[in-house]
Amino acid sequence: MKYKKIAVNLIFVTCCAVAVFAVAYYSMGDSAKQSEPYSSTFYSMSTMVQQSLYSNNAQEAALLLQTELVEFEQLTSLYVASSDIAMINEQAGISAVKVDAITASLLAQAKGLTLSSEGAFAITIAPLTLEWGITTQSPSVPSNEKIEQLLLLVDDSAVIIDEENSTVMLKQEGQALDLGGIAKGYACNIARDIYEQYGVESAWLSIGGNIYVKGTKPNGEHYKIGFRDPSSTEVASVASVEIKDAVFSVSGGYERYFEEDGVQYHHIIDPKTGRPSNSDVLTVGIIHEDGVKADYYSTALFVKGMQEVIAYFEQGGTGMAIDIDNNFYVSADLEQSFELTDGEYTPIFIKAK
Ligand code: AMP
Ligand code: MG
């Protein structure tokens, strides 16, 4: 099946229901244009992107999204030499860099979030992500000395943003930005805005562990999203949940990793240790109407650990998470739309206090 070929950790579980409905709707004549979704798949932001839209303007909206994601990557990728982020990194400790208003506003939002992460999330993590190279072709384990040295550069309070003039500067030479922890969530927000602009009422978008859902299926049913089993090498789901007008972002150590001397090293670095985070969370999925927040919280809570995940649900946050002992915690607001698909897990619902 198509979804197995790509490394998404969220799985649609009701494609069939959509297809069955589409056949019934097709016989309704004038509305036939909306009876089948317009779907497209393309590669962007180091991952496969899939979208499926019901609208008379679906193709135009889908194409515009593809163009805008390419532009967004050109602007904000650490790995594109001409990007705003690469320029800011190059000029670290030297001068402020004039950037696109999108870059400045995303950095301002990111900084606001990361400063409240109690050190679990840092957009200045780049010196370490680059040294580990986990998302590159040649990853390796850095020496302890190197890690200690690079840790001194991780400090989000040193990101100086002037939103009015659209300039950004990193205070210290050697510092560097990596927006990998929130960029795909932002991409979901771009999709949200484009779908809105084109009057798309029903759609979903999947981009590297983040799924955005707009509206309901044309028959009024909710879209159901699968939550991937972190201990399975297959893309299998442990549960599904209904989503509407929200982003479901998932972080897990199984997403990207390499092995050295029999040890697995994944791509989410604990800014306190400079090493892949070693918390008790195997996977955490957060649902939020703002894609940046969903993406941020899933990464930050993956680093923080299950106690913090539970506290987040108690404070009214929405999502689900599995820990190293296979405890499966789900925020109680999802109880009605939640469906267990793997009997080996027993969900523990956490109520907001
Ligand atoms: P995600 O898949 O959304 O959990 O984000 C993981 C990506 O965020 C990594 O590939 C890095 O680019 C970046 N990253 C890794 N560790 C951190 C961290 N502690 N804080 C912020 N970003 C991080
Ligand atoms: Mg994230």
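Me: Two strands pair if DSSP finds at least two bridges between them. Helices (H or I, at least four residues) and strands (E, at least two) are DSSP runs, numbered from the N terminus. In what order do the three strands of the antiparallel open sheet stand?

Reply: This is a predicted model: local features need pLDDT of at least 70, side-chain atom pairs count only at pLDDT 80 or more, and totals for chains, interfaces and linings use all residues. Residues are numbered from 1 along each chain as its sequence is written, chains are lettered from A and ligands numbered from 1 in the order in which they are written, and side-chain values use heavy atoms, without hydrogens and water. The three strands pair in the antiparallel sense, in the order E4-E6-E5.

Me: Which strands of this sheet stand at the edges?

Reply: An edge strand here has a single partner strand, so one side of it is left without a neighbour in the sheet. That applies to E4 (97-98) and E5 (159-162).

Me: Which residue in E6 is the bridge partner of Lys-98?

Reply: Lys-98 is found in strand E4. Two bridges join E4 to E6 (residues 167-170), and the two run antiparallel. The partner of Lys-98 in E6 is Thr-167.

Me: At what angle does helix H4 run to E5?

Reply: Axes are lines fitted to C-alpha atoms, for helices over the stretch in contact, with angles from 0 to 180 degrees between N-to-C directions. H4 (residues 101-114) packs on the sheet and touches E5 and E6. Its direction and that of E5 make about 130 degrees.

Me: Is Lys-98 buried or exposed?

Reply: Buried means under 20% relative accessible area, exposed over 50%, partly exposed in between (1.4 Å probe, protein chains only). Lys-98 still has contacts (heavy atoms within 4.5 Å); Asp-84 and Asn-165 are among the residues it touches. At 58% relative accessibility, Lys-98 is exposed.

Me: How far is the backbone oxygen of Asn-165 from a polar atom of the Lys-98 side chain?

Reply: A polar contact is a pair of N or O atoms within 3.5 Å; within protein, one must be able to donate a hydrogen and the other to accept it, and residues adjacent in sequence count only if both atoms are side-chain atoms. The Asn-165 oxygen and the Lys-98 side-chain atom are separated by 2.7 Å.

Me: Which backbone nitrogen lies 2.9 Å from a polar atom of the Ser-77 side chain?

Reply: Ser-77 sits in the loop between H2 (58-76) and H3 (84-90). Its relative accessibility is 12%, so Ser-77 counts as buried. The nitrogen belongs to Tyr-79.

Me: How many of the five residues of strand E8 are buried?

Reply: Both faces of E8 are covered: Asn-210, Tyr-212 and Lys-214 on one side, Ile-211 and Val-213 on the other. E8 (residues 210-214) is largely enclosed by the rest of the structure, because its buried residues number five of the five.

Me: Which residue in E11 is the bridge partner of Val-213?

Reply: E8 pairs with E11 (residues 246-252) in the antiparallel sense, over four bridges. E7 and E8 are also antiparallel, over five bridges, with Trp-204 opposite Val-213. In E11, the partner of Val-213 is Ala-246.

Me: Which are the edge strands of the nine-stranded open sheet?

Reply: The order is E2-E3-E7-E8-E11-E16-E17-E18-E20, with mixed pairing. An edge strand pairs on one side only; here these are E2 and E20 (347-350).

Me: Is Asp-261 buried or exposed?

Reply: Asp-261 lies in the loop between E12 (257-260) and E13 (263-266). Its phi is positive, about 50 degrees, although it is not a glycine. With a relative accessible area of 75%, Asp-261 is exposed.

Key: Lists of a residue's contacts leave out its neighbours within four places in sequence.
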